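Here are my notes for you, as numbered points. Have a look at the structure, then read along.

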Amino acid sequence: MKDLLPSDSPLWQYLESTVQRLLNSYGFQEIRFPLLESTELFARSIGEVTDIVEKEMYTFADRNGESVTLRPEGTASCVRACQEHQLLYNRGTLTQKLWYLGPMFRYEKPQKGRLRQFHQIGVEAFGYAGPDIDAELLMLTARLWKTLGIESAVSLQINSLGNSESRRAYRSALVAYLENYRDALDEDSQRRLNSNPLRILDSKQPETQVLLEGAPKLYDFLDSESLAHFEALQSLLNSAGLKFEVNPKLVRGLDYYSKTVFEWVTDKLGAQGTVCAGGRYDGLVEQLGGRATPGVGFAMGLERLALLLEALQAVPGEIFRTTDVYLLAVGDCQASAFQLAESLRDELPSLRLQLHCGGGGFKGQMKKADKSRAQIALILGEDERNSAEVTVKYLRDDSPQQRVKQSELAELLTRHIRMTS
Ligand code: ATP
Ligand code: MG
């Protein structure tokens with residue numbers, strides 16, 4: 001688990017605000033739910049024999065002896081919250097386009113891009129059965145990569161898992177095939193042969209991957225409805241000019257997925273190459289006790305996105321400039337400096353103004369002004385105060401310093417500083 005330091009926060013704020021602005025522009029609304037849920041919620045949704053539930057959850061008994069878990073992901077909580085507040089059904093099916101942001105917890109082996117407390121922005125759409133919304137989610141993510149300037153480093157993989165019957169049939173065929181090679185499988189895959197055989201497709205072991213080449217293909221077992229859905233999605237993506245690759249081995253690690261699954265992957269982050277992943281989960285709402293409601297969504301890992309932006313040098317330099325103006329109070333001027341600062345804040349609410357606190361002489365204060373990365377230093381000394389003026393010193397270019405009336409200062413700053421709202 002990592003502390004995010006002040007030097008990290010400009011990048012995080014930039015990432016979060018860029019994603020939020022984009023999601024809002026596509027008509028998604030924010031939902032916030034607790035970090036802690038009853039353990040049963042995750043066991044029932046993610047699946048008892050998945051890695052997450054088997055060995056990654058932070059689970060403990062609360063003081064009342066009830067088993068609770070720090071959320072390892074957001075979809076289950078989102079469905080729970082929607083059901084509890086009748087957001088999915090109210091004398092008819094409702095549609096919802098939602099997003100959330102926050103920490104998730106998994107007891108994993110920490111490494112670059114893999115933490116025990118990490119952050120996701122998740123998106124879920126409920127009540128849409130067709131492939132149009134699947135395509136819309138992918139278009140949205142593609143636009144996000146473009147906005148962040150990382151589009152050349154990520155690529156899209158998609159697959160279809162079919163409905164539960166086609167998956168069951170495929171599962172039997174895969175197990176029958178792999179039983180012939182049981183001894184040649186890696187240890188994890190042998191265990192999964194009984195519990196979660198589809199996950200074997202995802203094995204990172206080269207020997208296992210070789211064995212899988214001759215295995216039956218999920219694609220050949222797809223029911224006709226899933227097949228039509230998958231083909232319609234591909235055709236929408238093609239018409240939109242969105243490049244993708246069909247990866248028949250893409251299965252995802254959570255049990256609730258059906259039909260469409262996808263991942264945005266990069267080769268710039270080593271083993272932790274998936275920056276965004278998701279898919280359709282048409283059975284989940286019903287499984288958690290609600291009326292059958294189609295759902296589709298994804299989550300992106302913010303730590304991995306931050307790493308990727310850094311690796312590609314796509315972090316805009318200006319986000320680290322957090323001060324526009326630094327106001328010096330030299331001599332016995334602190335009270336007047338406060339007055340001037342507050343009146344500037346009244347006139348220019350989005351001006352990022354730091355008023356010098358902590359005393360000291362002109363030189364020391366100028367050093368602080370420079371360090372703040374401000375564009376402009378305002379100097380208020382006794383001279384200036386007595387004539388209701390202020391000295392304006394430009395810190396980032398050669399413009400000569402000038403002395404202006406305090407009443408004209410706001411106008412001058414408006415001309416010189418591009419204010420971010
Ligand atoms: P992985 O295969 O990398 O373990 P996953 O299949 O467990 O990922 P999901 O549960 O689908 O991942 O989560 C969606 C995204 O959240 C991932 O693609 C990744 O970007 C991010 N993520 C998942 N687990 C972690 C973690 N422990 N640390 C940092 N980011 C993570
Ligand atoms: Mg994982």
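1. Let's start with Gln 234, which sits in helix 9 (residues 224-239). Helices here are DSSP runs of H or I with at least four residues, strands are runs of E with at least two, and both are numbered from the N terminus. One thing to know before going on: this is a predicted model, where local features need pLDDT of at least 70, side-chain atom pairs count only at pLDDT 80 or more, and totals for chains, interfaces and linings use all residues. Residues are numbered from 1 along each chain as its sequence is written, chains are lettered from A and ligands numbered from 1 in the order in which they are written, and side-chain values use heavy atoms, leaving out hydrogens and water.

2. Is Gln 234 buried or exposed? Its relative accessible area is 17%, so Gln 234 counts as buried (buried means under 20% relative accessible area, exposed over 50%, partly exposed in between, with a 1.4 Å probe and protein chains only). Setting aside neighbours within four places in sequence, Gln 234 touches Ile 158, Phe 244 and Val 246; contact means heavy atoms within 4.5 Å.

3. Now zoom out to the whole of helix 9. Its 16 residues reach 22 Å from the first C-alpha to the last, close to the 22 Å expected at 1.5 Å a residue (the expected span is 1.5 Å times one less than the number of residues).

4. After helix 9 comes Gly 241, with a positive phi near 75°.

5. Lys 259 has a positive phi of about 50° and lies in strand 9; at 9% relative accessibility, Lys 259 is buried. Arg 91 has a positive phi of about 50° too, but Arg 91 is in the loop between helix 4 (75-84) and strand 5 (96-105) and, at 82%, is exposed.

6. Five strands form an open sheet in the order 13-12-14-15-16, with mixed pairing. Strand 13 (353-355) and strand 16 (402-405) are the edges, each with a single partner strand, so one side of each has no neighbour in the sheet. Two strands pair if DSSP finds at least two bridges between them. Strand 14 (residues 376-380) and strand 15 (residues 389-394) pair in the antiparallel sense over four bridges, and Leu 378 has Val 392 of strand 15 as its bridge partner.

7. Finally, helix 13 (residues 362-371) lies across strand 12, strand 14 and strand 15. Its buried residues are Gln 365, Met 366 and Ala 369. They cover an arc of only 100° around the axis, which puts them on the same side of helix 13. Lys 363, Lys 367 and Lys 371 are exposed on the face turned away from the buried side.

Terms used: Axes fitted to C-alpha atoms, helices over the stretch in contact; angles between N-to-C directions. Arc of directions from axis to C-beta.
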